[in-house]
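Good morning, everyone. Please have the sequence and the 3D view open while I talk.

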Amino acid sequence: MLDRSVSFIIGDGLPFNPIVQVIPNFYHNRKLANLAEYRVGKGKLMICGIDIQNDLGSRPAASQLRRSLESYMKSPAFAPEAALEVEAARDLLRQRESGPHSETLQWLAGREIATGREASCDSMMNDAHGPQKGNDGIGSTKWLAGDDAAGHWWQVDLGEVYTLAGTKVKFHQEGNFLYVIQVSSDGAEWHVVTNQTGQTSIEQERNDPFEATGRFVKIVYNGVPAGIPAGHYAFEVYSR
Ligand SMILES: [Ca+2]
């Protein structure tokens, strides 16, 4: 459900007691909520950043959440304690349209365009862990570099130039992988769109939203945990 959600930044000075709080990453420590309730004037407001509108037939959890929320809001139990001024409530809802500021994961709802495309790399452990395993759409297969040196890269050719919204990588294990994501239109001139060389996360999956146009997308593993080769199960690229 959270893949199809947006988070609201609850600004300083506003009451913060959300029903669903989102824990941001280490570097963007902000108060985020996916679900929160407020009194606004004489009314009551439920703010939901999770998609409980679309494709409910194939998303039973979202469908159930909607039903539960609706029944909760009709019940006397729906009595928000925290109050918001009308203007503050408006600002909160406006964020959704303001793009990058809202740490939105909306881009993940875009089209995934890298699976099955031609992949290459500068190093691989063996044929069973070749570059194509990194974007074959199969969760159990992985690309692995041939050794545990830093600096190995993997890239995908999307076939044509796209407007890109972000990437999602699932490393072959948890660990503090340091990486840079680069984009190129011609495979020769590269632009850095995401720089994660200073981060401390050990999460196995990382989402990196960015705005760029390009045909080739490359991940360079600038740092790997001791004794662990670069590599990933999946590298996804999303277009707008
Ligand atoms: Ca795979």
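**A walk through the model**

Let's start at one glycine. Gly187 sits in the loop that links strand S10 (178-184) and strand S11 (190-196). A word on terms: helices (H or I, at least four residues) and strands (E, at least two) are DSSP runs, numbered from the N terminus. This is a predicted model, in which local features need pLDDT of at least 70, side-chain atom pairs count only at pLDDT 80 or more, and totals for chains, interfaces and linings use all residues. Residues are numbered from 1 along each chain, as its sequence is written.

Gly187 is partly exposed, because it has 13 C-beta neighbours inside 10 Å. Now look at Val217.

Next, the overall picture. The protein chain has 2 helices and 13 strands. Of its 240 residues, 30% are buried. Contacts come next: two residues are in contact if their C-beta atoms, placed from the backbone, lie within 7 Å. Take the contacts in the protein chain with a separation of 6 or more: 67% of them join residues 24 or more positions apart.

Now the strand pairs. Two strands pair if DSSP finds at least two bridges between them. Find strand S3 (residues 32-40). S3 pairs with strand S4 (residues 43-48), antiparallel, over 6 bridges. Val40 is bridged to Gly43 in S4, and Glu37 stands opposite Met46. S3 and S4 make a hairpin with 2 residues between them. In that turn, Gly41 has a positive phi of about 60°.

Arg39 has Ala83 as its bridge partner.

Move along to strand S12 (residues 205-223). 13 bridges join S12 to strand S9 (residues 153-171), and the two run antiparallel. Trp154 stands opposite Ile219. S10 also pairs with S12, antiparallel, over 7 bridges. Val180 is bridged to Val220.

That brings us to the cores. A nonpolar core is a set of buried Ala, Val, Leu, Ile, Met, Phe, Trp, Tyr and Cys residues joined through C-beta atoms within 7 Å. The largest one has 30 residues. Tyr179, Val217, Ile219, Tyr221, Phe235 and Val237 touch the most other members. Strand S8 (143-144), S9, S10, S12 and strand S13 (231-239) each give two or more residues to this core. S9 gives the most, with 7 residues. Another core lies apart from it, with 14 residues, among them Ile9, Val22, Leu32 and Cys48.

Last stop: helix H1 (residues 60-74). How many of its 15 residues are buried? The number is 0, so H1 lies largely in the open. The expected span is 1.5 Å times one less than the number of residues. For H1 that gives 21 Å, and the end C-alpha atoms are 21 Å apart, which agrees.

Key. A residue is buried if 20 or more other C-beta atoms lie within 10 Å of its own, exposed if 12 or fewer, and partly exposed in between; C-beta atoms are placed from the backbone.
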